Amino acid sequence: MTTLISGSSGFVGIALTEELLEHGEDVVGLDIVAPPPAAIHAFKSKKGRFSFAQGSTLDSALIEEAMTRHGVRRLVALAAITAGPDREKDDPYTITNVTIGGTVTAIAAAAKRGIKRIVYVSSGAVYGASGETAGILIEEEVLQRPEGLYGISKQAAEASALRLGKLYGIDVVAGRLGTCFGPWERETGVRDTLSALLQVLRIAQHGGEAILPRNSTRDWLYVRDGAAGLHALLRTPRLPHAIYNVAAGFEFSTDQWCALLKEKFPRFQWHNARHGEQPNINLYNTYDRASMNISRLRRDTNFLPKYDLPLAFEDFEAWHKINQTA
């Protein structure tokens, strides 16, 4: 079966493409930029076949043509701009147009081509400020209070996707993705803040010193597990819910991450910023978001995260050593 992924050349898009190809499924990637050469090389070693259509997720004719040409039967709507405050001020139109308009365009095109299964990749960012006060984030039980335009546009796109699914008679499910790190994370021009774990890793590899705002603890999600969770939503028939958290199911701290890096890179140093000291690591926010509950995902799809902290660390550090310029 062939799946089209919009936003396929980004961090999560490449990881999901690898996941599907590894299981012998064919993938059509759609993005304004091609995947990096290292990713193309990696795709060739998988069981499935990768094809690429270059262009905007706002181009309905391009999407329909790609779906028809490659016999696409499923859609993963992933395209978005993960914007920071500066981009929010300078270009709010593009942020919302790509994330909301691109989602609507892709789903409408899918409806015209008779596609019946769609996964919309939402985000834990839709919980926003509720993540500061809630004990744990459970799908419909926690109020959505997104703070930045990324979370706000994700919330609107998620609601739009589910509404269009009802109108078109398409099986649409939203997977709210946790805070990812791992292979293929890099500067792409549409992701303004890299994960704190990658920021620290880059400093450690050069024997530098990381200054963190605080010892941050959250349910960091290794992107290979994130891709596997999205794949579980894509392949499981007759899901009883429309919204699922896709997260790690456990927490660890930046101090734990730094301690592992210290073992690997003895010259590396780190500390939490002292009063008046300027950190060189960006932690996204001034608080640590509560963890996302994945009981629903595990129960309905039998998904079980594979990567605990030690396994994720070893896999990511080894991958990053080889692919630093990917």
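Trainee: Which residue forms a salt bridge with glutamate 25?
Mentor: In this predicted model, glutamate 25 sits in the loop between α1 (11-22) and β2, and its partner lies 49 residues apart from it, in strand β4 (residues 74-77), so that the pair links distant parts of the chain. The closest N and O atoms of the two are 2.1 Å apart, and the partner of glutamate 25 is arginine 74.

Trainee: Is arginine 74 buried or exposed?
Mentor: Buried means under 20% relative accessible area. Glutamate 25, at 13% relative accessibility, falls under that cut-off and counts as buried. Because its relative accessibility is 6%, arginine 74 likewise counts as buried.

Trainee: How many residues apart in sequence are the parts that aspartate 192 and arginine 87 tie together?
Mentor: Aspartate 192 and arginine 87 form a salt bridge, with 2.6 Å between the closest N and O atoms. Because aspartate 192 lies in the loop between β7 and α8, while arginine 87 belongs to helix α4 (residues 85-90), the parts that they tie together are apart in sequence by 105 residues.

Trainee: How many of the 10 residues of helix α8 (residues 196-205) are buried?
Mentor: The buried residues of α8 include Ala196, Leu197, Leu198 and Gln199, and among the elements that cover the buried residues are β8 (209-212) and α10 (254-264). Helix α8 is largely enclosed by the rest of the structure, because the number of its residues that are buried is nine.

Trainee: Which residue has its backbone oxygen 3.4 Å from a polar atom of the side chain of threonine 57?
Mentor: Threonine 57 lies in the loop between β3 (50-54) and α3 (60-70), and it is buried, with a relative accessible area of 7%. Leaving aside neighbours within four places in sequence, its contacts include Ser6, Leu30 and Thr105. The backbone oxygen at 3.4 Å from the polar side-chain atom belongs to glycine 102.

Trainee: Which strand gives the largest share of the lining of the largest cavity?
Mentor: About 30 Å³ of space lies in this cavity, and its lining includes Thr2, Arg49 and His70. The largest share of that lining, three residues, comes from strand β2 (residues 26-31).

How values were computed
Residues numbered from 1 in each chain as written. Predicted model: local features only at pLDDT ≥ 70, side-chain atom pairs only at ≥ 80, totals over all residues. Heavy atoms only, no water. 1 Å grid on protein atoms, 1.4 Å probe; cavity = no way out; pocket = protein on both sides within 12 Å on 5 of 7 lines; lining within 4 Å. Points joined across faces, edges and corners; volume = space filled by probe spheres on them. Helix = DSSP H or I, 4+ residues; strand = E, 2+ residues; numbered from the N terminus. Buried < 20%, exposed > 50% of the residue type's maximum accessible area, 1.4 Å probe, protein only. Polar contact = N/O pair within 3.5 Å; in protein donor to acceptor, adjacent residues only side chain to side chain. Contact = heavy atoms within 4.5 Å. Salt bridge = Lys/Arg side-chain N within 4 Å of Asp/Glu carboxyl O.
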